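Student: I have a new structure open and would like to learn how to read it. Could you walk me through it?

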Amino acid sequence: MFYRLPAHKRASIAMAAIIAAIGFSVPLGAHAQAAGGYPDKPIQLIIPYPPGGATDVIGRIVGQHLSETIGNQVVIENRGGAGGNIGAAEVARARPDGYTLLMGALTSHSVMATLEKGKLQYDLRKDLTPVGIVGSVPLVAVVNPSLPIHSLTELVDYAKKNPGKLNFASSGAGAPQRMAMELFKQIADVDIMHVAYRGSGPAMTDLVGGQVETMTETVPAAIAFIKSNQLRPLAVLTPKRISMLPDIPTAQEQGFTGFNVSSLFGVMAPAGTPAPIVEKLNNALTTALAKDEVKAQLLEQGVYADALGIDASKKRLNAEIEQWAKVIHEGKITVN
């Protein structure tokens, strides 16, 4: 004879089965991630700029060696436009599973977080999380050699004696090159007019030609003009002298202690990516960047590798955001 359980007992058993299924599924998934199940398919590394630029070159080096250390292919995808913001927004909206990452130009993103606040389709702090810092590209202050200026101190003196006569070039309104000079203007209390260009190439051409007088530029973009004496270097903007320009003093050596600027690069993931996945990515990235071969490849592009752990990467990014927010607010700087 078939015995049918009372309705209330059948409901209790069904509910217990559902609870058990939920209870087992979450821990098992978490344990699988922590135990190394990730990645089991290719990872997409989005570069938010067109091919050929600094971020693209850095991203391809990082992607190649991250593939080797993470154990699966890293596929490069260029998503250029809006000064890097289109690609960054795409990653911010992506599923937080570790399979869509951003090769970030972190200084540029940090500037835009304040300069275009309210216009961006993502929040740098809330929608993305650092996987790890890759390294930085140093900047150098240069002048057209027709000017009687050989140091930052002389630049300040000249600017104050000739108000309204000095212009500085930049590769764009929100570029690190522009922000470095805006910071210098605030530290030195000088008035130098900004002239924005669409890229470093046209800016450097006019600087060499004398249409503008000075600029802070990345060392890789400026070094050939420095070595050919077409531009005169005044200072590197790193805390210490650099191997690419070992004879050029730092701004700090010349008394400008707050004038330390590099263009920072790093890998980001969508916010909410599980901690075990971010940790595995950070470990793989750190392992790759520790290789002499990778350091040499990056240095050929003007990048000094500087791998950081997750917490240190977050602190470094936050410091970048806060520094440029302060410069923008105090200088009343706009994107125009």
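Tutor: Gladly! Keep in mind that this is a predicted model. Let's begin with the inside. The largest nonpolar core has 49 residues, and the members that touch the most others are L152, F184 and F259.

Student: Which helices and strands each supply at least two residues of this core?

Tutor: Among the helices they are α3 (85-93), α4, α6 (152-161), α7 and α12. The strands are β4 (128-143), β8 (232-236) and β9 (262-270). The largest share comes from α7, with six residues.

Student: What does F259 touch?

Tutor: Leaving out residues up to four places away in sequence, F259 touches L152, A180, L183, F184, I187, T216, L237 and A251. Apart from the core we have been discussing lies another one, of 30 residues, with L66, I277, L281 and A284 among them.

Student: Now the helices. At what angle do α7 and α12 pack?

Tutor: To read a helix pair, look at the angle and the distance between the axes. Helix α7 (residues 176-188) and helix α12 (residues 310-331) pack at about 60 degrees, and their axes are 10 Å apart. That angle makes α7 oblique to α12. The crossing of α7 past α12 is left-handed.

Student: Which residues meet there?

Tutor: From α7 come M179, A180, E182, L183 and Q186, and they meet Q323, W324, V327, I328, E330 and G331 of α12. By type, the residues of this contact are six nonpolar, three polar and two charged.

Student: How does α4 cross α12, left-handed or right-handed?

Tutor: α4 passes α12 in a right-handed crossing. The axes of helix α4 (residues 106-115) and α12 come within 8 Å and cross at roughly 45 degrees. These two helices are therefore oblique to each other.

Student: And which residues make that contact?

Tutor: In α4 they are L106, T107, S110, V111, T114 and L115; in α12 they are L317, E320, I321, W324, A325, I328 and H329. This contact divides into eight nonpolar residues, four polar and one charged.

Student: Finally, how many helices and strands are in the protein chain?

Tutor: Twelve helices and ten strands. The chain has 336 residues, of which 49% count as buried. Among contacts with a separation of 6 or more, 77% are between residues 24 or more positions apart.

Terms used
Residues numbered from 1 in each chain as written. Predicted model: local features only at pLDDT ≥ 70, side-chain atom pairs only at ≥ 80, totals over all residues. Heavy atoms only, no water. Axes fitted to C-alpha atoms, helices over the stretch in contact; angles between N-to-C directions. Helix = DSSP H or I, 4+ residues; strand = E, 2+ residues; numbered from the N terminus. Parallel < 35°, antiparallel > 145°, perpendicular 65-115°, else oblique. Left-handed = near helix turned anticlockwise from the far one by under 90°. Contact = heavy atoms within 4.5 Å. Nonpolar A, V, L, I, M, F, W, Y, C, P; charged D, E, K, R; others polar. Core = buried A, V, L, I, M, F, W, Y, C linked by side-chain atoms within 4.5 Å. Buried < 20%, exposed > 50% of the residue type's maximum accessible area, 1.4 Å probe, protein only.
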